[in-house]
Number of protein chains: 2
Amino acid sequence: MFCKPVTMRMLADELGLSLSAVSKALNDYPDIGQETKALVLSKAAEMGYTPNLLARNLAKKTSSFVGVVIRDVNSIYGEMFKSLNEVARRYDLHLILYDTDNDPAVEKWCIQNLIDSMAMGIVVTPVSEDVSGILESTRDRVPVVFLGGRVTNPALNYVCSDSRAGTEQALRHLMGLGHRHIALVCDHKQSSSRSGKLAVYRSLMAEMGEPERVFVSSEGDGNIMQAGYRQGRRILESKDEITAVFVVKDMMALGVIHGLTEGGVQVPEQISVVGYDGINEAALPMVGLTTVAQPRMEMAEKMIDILRGKAEDANPAPEHWLAEPRLVVRRSTAPVRMK
Amino acid sequence: MFCKPVTMRMLADELGLSLSAVSKALNDYPDIGQETKALVLSKAAEMGYTPNLLARNLAKKTSSFVGVVIRDVNSIYGEMFKSLNEVARRYDLHLILYDTDNDPAVEKWCIQNLIDSMAMGIVVTPVSEDVSGILESTRDRVPVVFLGGRVTNPALNYVCSDSRAGTEQALRHLMGLGHRHIALVCDHKQSSSRSGKLAVYRSLMAEMGEPERVFVSSEGDGNIMQAGYRQGRRILESKDEITAVFVVKDMMALGVIHGLTEGGVQVPEQISVVGYDGINEAALPMVGLTTVAQPRMEMAEKMIDILRGKAEDANPAPEHWLAEPRLVVRRSTAPVRMK
DNA sequence: ATATACTACTAAAGCGCTTTAGGAGACAGC
DNA sequence: GCTGTCTCCTAAAGCGCTTTAGTAGTATAT
């Protein structure tokens with residue numbers, strides 16, 4: 001059923017040229033005659049020749065594949081794929097995407113396969129903040145850039161949004177609406193972006209002379225949205241005159257809103273909610289979540305940039321990028337209601 | 001910076017064996033001694049050998065890559081990636097994912113690159129119902145399976161949900177709730193799944209002796225959700241005592257709901273809405289869209305099955321699969337309100 | 001002892017491409 | 001004439017693996 005594709009060998013034979021002449025013509029080498037080059041190119045077009053990427057990559061010891069390893073593609077990082085895809089296309093790069101489903105064993109498998117596929121680089125949102133396994137297997141083989149705030153070790157390549165700046169935007173927005181009793185909701189997982197958000201929250205609360213109202217989900221709270229739901233209920237139970245809440249993840253914020261409204265509290269009339277990430281769901285008309293959006297395109301560009309740089313220069317100096325997030329105001333926040 | 005990985009050659013030299021002996025040991029060939037095999041395997045583990053997939057694929061003339069070409073990854077088909085990813089892993093397959101953004105030129109580029117990467121198969125949600133370009137370039141080179149209802153040519157491989165059965169489930173659900181004045185909303189794009197839904201709608205309306213209330217979006221309506229919004233408004237303008245509406249796509253249904261509620265009509269109190277696809281957004285608590293969900297896992301399994309079958313047997317007989325969708329009842333539908 | 005068959009290995013070609021080294025021919029300078 | 005220097009092309013090795021053909025060596029049958 002499958003017919004043999006046109007190879008350079010066939011082109012060469014057809015034209016009575018050597019294989020290398022054809023290769024040089026196709027790859028714009030300097031030491032090839034203009035006429036010969038034109039001849040080869042026209043013949044290639046005529047016969048419908050297209051280069052075999054695997055063979056090319058193997059011979060060049062470099063590849064046009066970029067690995068993308070995401071904990072959960074149904075998240076902001078999965079949504080970022082769309083931007084990555086666009087940037088990759090600009091450079092004739094191809095994305096091999098994996099969803100690890102938060103399983104370290106799967107993550108390991110993915111990384112190994114990318115190495116074996118000679119990927120020119122790997123983007124990964126690591127399952128665990130302990131990335132030593134990833135570093136060890138990829139060390140001196142393929143550049144890795146960590147995405148999202150879980151890893152911000154200055155010795156590594158990473159790209160994430162500036163969670164401190166984003167948090168400040170969110171909180172100042174609430175404060176600008178007159179809110180003072182502001183709660184923070186976050187999940188139990190440690191990450192540098194979480195601790196950054198927490199620090200900014202604390203300093204702003206201190207600035208206002210307000211006590212900290214921090215709600216942390218516990219391990220057994222199920223998925224992130226359910227965890228948010230639980231915290232929404234806890235906020236109500238706290239009887240703590242809270243008028244606004246900042247949630248460190250949009251998905252969790254949706255859960256918080258659900259918990260709040262199910263408990264009979266209107267958002268934003270009684271409590272304002274702002275999330276973080278800028279997931280697609282936040283923009284739905286029936287959701288309308290005010291959120292701090294990560295600049296996907298810019299982050300995608302930076303990640304590909306870094307990987308391309310490493311591939312070319314084999315430059316061992318780590319590169320970071322803190323992307324400036326942008327507050328998107330929607331329906332879930334409103335001025336505080338005066339008593 | 002990049003160090004040379006362990007190759008079979010190194011293993012062979014280290015053990016004083018031939019290259020082929022090593023290859024056979026690693027690949028479970030019959031004509032290799034048990035002791036030798038054990039020796040090779042342990043040495044491989046010791047030296048941390050892993051096979052170069054590109055080289056292997058090139059030599060075997062078959063690859064472990066599967067191409068996935070999706071019009072818009074932020075859609076039900078993008079969400080299906082998660083299932084595809086899981087199935088692919090079972091067979092040691094790797095997914096090269098592209099988002100064509102509905103651009104035929106990009107689609108062409110993606111397909112060509114997959115051919116050049118020696119993909120063992122391609123899953124595609126085609127931009128246009130005219131897939132002759134795709135067929136021509138992939139013919140006799142790589143098996144293709146079309147996903148979604150846009151292509152259901154019996155001469156081709158395709159997998160999609162049974163839109164007739166799904167539509168019937170949706171409409172019978174509404175009818176069971178007492179609805180008789182049921183509208184159908186669809187977009188202007190032709191596709192076999194759309195025509196199937198329309199046909200079932202017509203026959204059921206005829207069965208009830210009700211007139212057809214069909215709302216078709218027009219070309220200039222913007223994205224699918226905006227198009228739905230427009231139709232939601234049109235439904236209100238129609239003054240046609242409509243109590244329920246079936247929308248052929250969830251994203252569009254969200255737009256319809258938005259149009260309806262913005263026009264002051266409560267969903268589901270005044271008008272029930274049911275969608276089709278089962279996108280993640282439909283399950284959000286603040287959305288709660290009743291919908292006909294496509295069985296993602298089953299469809300993913302079938303697609304990989306088909307591709308694997310074609311790759312092995314080079315069997316030219318086309319295969320189809322109509323997956324049975326499943327009605328998921330949520331908040332957006334309610335019993336008709338008696339006047 | 002010889003033919004037969006089987007086992008366990010090696011040699012070598014090949015997958016389709018890149019790349020290095022080298023060589024033929026043209027042309028200039030002295 | 002010889003050397004040197006171009007330009008344009010070829011030969012051949014190599015990327016890391018698979019696979020075919022072939023060959024020792026041992027065991028079995030006659």
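How many bridges join S6(B) to strand S7 (residues 214-216) of chain B, and do the two run parallel or antiparallel?

Mentor: Three bridges join S6(B) to S7(B), and the two strands run parallel. Before going on, note that this is a predicted model: local features need pLDDT of at least 70, side-chain atom pairs count only at pLDDT 80 or more, and totals for chains, interfaces and linings use all residues. Residues are numbered from 1 along each chain as its sequence is written, while chains are lettered from A and ligands numbered from 1 in the order in which they are written.

Look at the pairing in detail. B:Leu184 stands opposite B:Val214 in S7(B). From S6(B) the chain crosses through helix H10 (residues 192-208) of chain B to S7(B), a right-handed β-α-β crossover (with the strands pointing away from the viewer, the path from the first strand over the helix to the second runs clockwise). Helices (H or I, at least four residues) and strands (E, at least two) are DSSP runs, numbered from the N terminus. S6(B) also pairs with strand S8 (residues 244-247) of chain B, in the parallel sense and over four bridges (pairing requires at least two DSSP bridges). There, B:Ala183 has B:Val245 as its bridge partner.

Now the packing. Five of the five residues of S6(B), residues 182-186, are buried, so the strand is largely enclosed by the rest of the structure. Buried means 20 or more other C-beta atoms within 10 Å of the residue's own, exposed 12 or fewer, and partly exposed in between, with C-beta atoms placed from the backbone. Both faces are covered. B:Ile182, B:Leu184 and B:Cys186 are buried on one side, B:Ala183 and B:Val185 on the other.

Move on to the loop between H12 and strand S9 (272-277) of chain B, where B:Val265 is placed. B:Val265 counts as partly exposed because it has 16 C-beta neighbours inside 10 Å. Leaving out residues up to four places away in sequence, B:Val265 touches B:Leu236, B:Leu260, B:Gln270 and B:Ile271 (contact: C-beta atoms, placed from the backbone, within 7 Å). B:Pro268 lies in the loop between H12 and S9 of chain B. The peptide bond joining B:Val267 and B:Pro268 is cis, with omega about 10°. In chain A, the bond from A:Val267 to A:Pro268 is cis, with omega near 10°.

Another loop worth a look lies between S2 and H7 of chain B and holds B:Asp101. Its phi is near 55°, a positive value in a residue other than glycine. B:Asp101 is partly exposed, with 16 other C-beta atoms within 10 Å.

Next, the partner chain. 43 residues of chain B are in contact with 43 residues of chain A. Elements of chain B giving two or more residues to this side include helix H6 (81-90), strand S2 (94-99) and helix H7 (104-116). S2(B) gives the largest share, six residues. The side of chain B that touches chain A has 25 nonpolar, 11 polar and seven charged residues (nonpolar: Ala, Val, Leu, Ile, Met, Phe, Trp, Tyr, Cys, Pro; charged: Asp, Glu, Lys, Arg; polar: the others, Gly among them).

Finish at the DNA. DNA strand D is surrounded by 29 residues.

Key:
Two residues are in contact if their C-beta atoms, placed from the backbone, lie within 7 Å. A residue is near a molecule or strand if its C-beta atom, placed from the backbone, lies within 6 Å of it.
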